[in-house]
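Colleague: I would like to learn how to read a protein model. Could you take me through some features, step by step?

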Amino acid sequence: MQYSDRVMDHFMNPRNVGEIEDAEATGLIGNAKCGDIMKMFLKIEDGIIVDAKFKTFGCGAAIATSSMATEMIKGKTLDEALQLTNKAVAEALGGLPPVKMHCSLLAEQAVKSALKEYYEKHDLINDDNRHLFDKLNEDAHDHA
Amino acid sequence: MHQVKRIYLDHAATTPVRPEVLSAMMPAFTTVFGNPSSLYQSGLQAHQLMENARAKIADCIGADSTEIYFTSCGTESDNWAIKGAAQSHQGKGRHMVTSAIEHHAVLHAFDALAKQGFEITKLPVDADGLLDPEAVRSAIRDDTILVSVMMANNEIGVIQPIEEIAAICRSNQVLFHTDAVQAGGALPIDAHRMGVDLMSFSGHKLYAPKGVGALYIRRGVRIANFFDGGAQERNRRGGTENVPAITGFARAFELAIQEMEENSRQLIELRDALIDGILTRIPHTRLNGHPTRRLPNNVNVSIEFIEGEAILLMLDQLGYECSSGSACTSGALDPSHVLLALGLPHEIAHGSLRVTFGRSNTMDDVNRLIDDLEIVVRRLREMSPLYNENIFSVQN
């Protein structure tokens, strides 16, 4: 199993590590028993994600996908960020080994779990976007 | 990326072939290339090389050369011993006993037999990884046909009380197999005195090439053949013998025995310095496996709040080649069955690091590793949502 150069770059030099104390939205996904936990913090202003930070307990791919996911949603509108898919995260990293695809799903779920908190708090969930949260109900390890 | 000095610290996975071993092998590739079953000169010479190797290995483990059978690897030896014993002795019963921390070559062979209706008892170990011989005695029933307990564990290096277990098996007239793949060349072995019936070995763990192993079968012990074929290996294991690898295996084993005392002393120094360095300099770490009843070259620690594959990957970037019992290193969901058997919670087992020293390592390697590991652990903990500076460890 070999990681791509971009995975290694985002693992060795992860972007956006940390916490945002006054985050408008936070998401938590995974559990220690399975070996990965991702925590996502979003700073939201006027419907735009102005900052995103993460903390991850997990393997190289889990850290790299967290880093890439935060990069991909920074500066985006909430609706744009909600369109993030694990496939897009994996592609942006130059691909992931098949056994590591679940890590990209965890990254998508971490973002969506934070967004869900915000959407619920501000009553933004509607029939058009409800299905975009469906992936939160999937077990990431089924994708391994 | 800039070039870093590579430091190999995974000798339980495999070892490089020693130059002396390679030179011993060379004639068997070129001049003495005959098939050892052939009756003309080059065949007879190859046969002689092989029989010399068999005698040397027998000497190394306190056996008779007629009790040594060459195989392709440790996994084949384990499978042959276990499945062969099952097939031959199922008339007496279909119950077998093993430990929870065996290598997959043993555990999965038993799993395959369980699917065929054999009943397998997997005995637990204590928090240090030791199996209580009395637990073996209690597990033995009238229909028990085989007990298999490894001599030294590949992950945590723990050395089991093999002689006591062998004696219990013998007094109950149950066959006893031990996987000595990690112990071979690292610990003194005297097959006859230990009283084992079957014992597995592998070449590439002791500076011989990959692709050769051996099974010791005590004289008079009956097990079904695993490889059907020609008359090789006294009609018990078909297939043209890998004469070059066998020659190298014997030379490597011989050297390991000659140098064992000196080598063990050096390895134990490195081992204990690394254990001490990690436990004192990196908070929230623990040693896995018994502190002294372990292989001279084995260090296995759990580092809390971070995950093993990430540790390995970052260490690899810094030039260190080690191993982990993390699930992520194998693509599996569960971490190492050995670490879980010690009673470690999943999250602690995920954060394990195994370092196994070898002939090339020095105290300088140990000191550099401790320094770099400290940095790696700090960096990964900074990223971990489970960690904060004032956290109270679940272990301490």
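Modeller: Start with contact. Contact means heavy atoms within 4.5 Å. Keep in mind that this is a predicted model.

Colleague: Which residues is Asn297(B) in contact with, leaving aside its neighbours within four places in sequence?

Modeller: The partners are His11(B), Leu267(B), Val355(B), Thr356(B) and Phe357(B). Asn297(B) itself sits in a loop of chain B, between strand S9 (285–287) and strand S10 (298–303).

Colleague: Is Asn297(B) buried or exposed?

Modeller: Use the cut-off: buried means under 20% relative accessible area. Asn297(B) has 15%, so it is buried.

Colleague: What about charges? How many salt bridges are there between chain B and chain A?

Modeller: First the idea. Side chains of opposite charge can pair when their charged atoms come close. The count between chain B and chain A is 1 salt bridge. Lys100(A) pairs with Glu309(B), and their closest N and O atoms are 2.9 Å apart. Over all chains, the structure holds 37 salt bridges.

Colleague: Are Lys100(A) and Glu309(B) buried or exposed?

Modeller: Lys100(A) has 2% relative accessibility, so it counts as buried. Glu309(B) has a relative accessible area of 5%, so it is buried too.

Colleague: Show me a salt bridge within one chain.

Modeller: Take Glu134(B) and Arg137(B). Their side chains meet in a salt bridge, 2.9 Å from N to O.

Colleague: Why are Glu134(B) and Arg137(B) separated by about one helical turn?

Modeller: Because they are 3 residues apart in helix H5 (residues 133–139) of chain B. Now check how open they are. Glu134(B) is partly exposed at 41%. Arg137(B) is partly exposed as well, at 38%.

Colleague: Which residue forms a salt bridge with Arg193(B)?

Modeller: The partner is Asp190(B), with the closest N and O atoms 3.7 Å apart. Arg193(B) is exposed, at 55% relative accessible area. Asp190(B) is partly exposed, at 27%.

Colleague: Next, the inside. What is a nonpolar core?

Modeller: Think of buried nonpolar residues joined through their side chains. The largest core has 74 residues. Leu42(A), Leu115(A), Leu353(B) and Leu380(B) touch the most other members. Helix H5 (residues 101–121) of chain A gives the largest share of this core, 9 residues. Apart from it lies another core, of 65 residues, including Met50(B), Phe70(B), Ile101(B) and Leu130(B).

Colleague: Leaving aside neighbours within four places in sequence, which residues is Leu380(B) in contact with?

Modeller: In chain A, Leu380(B) is in contact with Phe11(A) and Ile63(A). In chain B, the partners are Ile306(B), Ala310(B), Ile311(B) and Met314(B).

Colleague: I see Phe11(A) there. Which residues of helix H1 (residues 5–12) of chain A are buried?

Modeller: They are Val7(A), Met8(A), His10(A), Phe11(A) and Met12(A). The buried residues of H1(A) pack against helix H2 (60–73) of chain A, and also against H11 and H14 of chain B.

Colleague: Last, the surface. Which residues form a nonpolar patch there?

Modeller: Val17(B), Leu22(B), Met26(B) and Phe29(B) form one, with about 350 Å² of accessible area together. Take Met26(B) as the example. It lies in helix H1 (residues 19–29) of chain B. Its relative accessible area is 40%, so Met26(B) is partly exposed.

Methods:
Residues are numbered from 1 along each chain as its sequence is written. Chains are lettered from A and ligands numbered from 1 in the order in which they are written. This is a predicted model: local features need pLDDT of at least 70, side-chain atom pairs count only at pLDDT 80 or more; totals for chains, interfaces and linings use all residues. Side-chain values use heavy atoms; hydrogens and water are left out. Patches are made of residues with over 30% relative accessible area and no salt bridge: like charges are joined within 9 Å, nonpolar side chains (Val, Leu, Ile, Met, Phe, Trp, Tyr) within 5 Å. Accessible areas come from the Shrake-Rupley method with a 1.4 Å probe; for residues, only the protein chains shown count as cover. A salt bridge is a side-chain nitrogen of Lys or Arg within 4 Å of a carboxyl oxygen of Asp or Glu. Helices (H or I, at least four residues) and strands (E, at least two) are DSSP runs, numbered from the N terminus. Buried means under 20% relative accessible area, exposed over 50%, partly exposed in between (1.4 Å probe, protein chains only). A nonpolar core is a set of buried Ala, Val, Leu, Ile, Met, Phe, Trp, Tyr and Cys residues joined through side-chain atoms within 4.5 Å.
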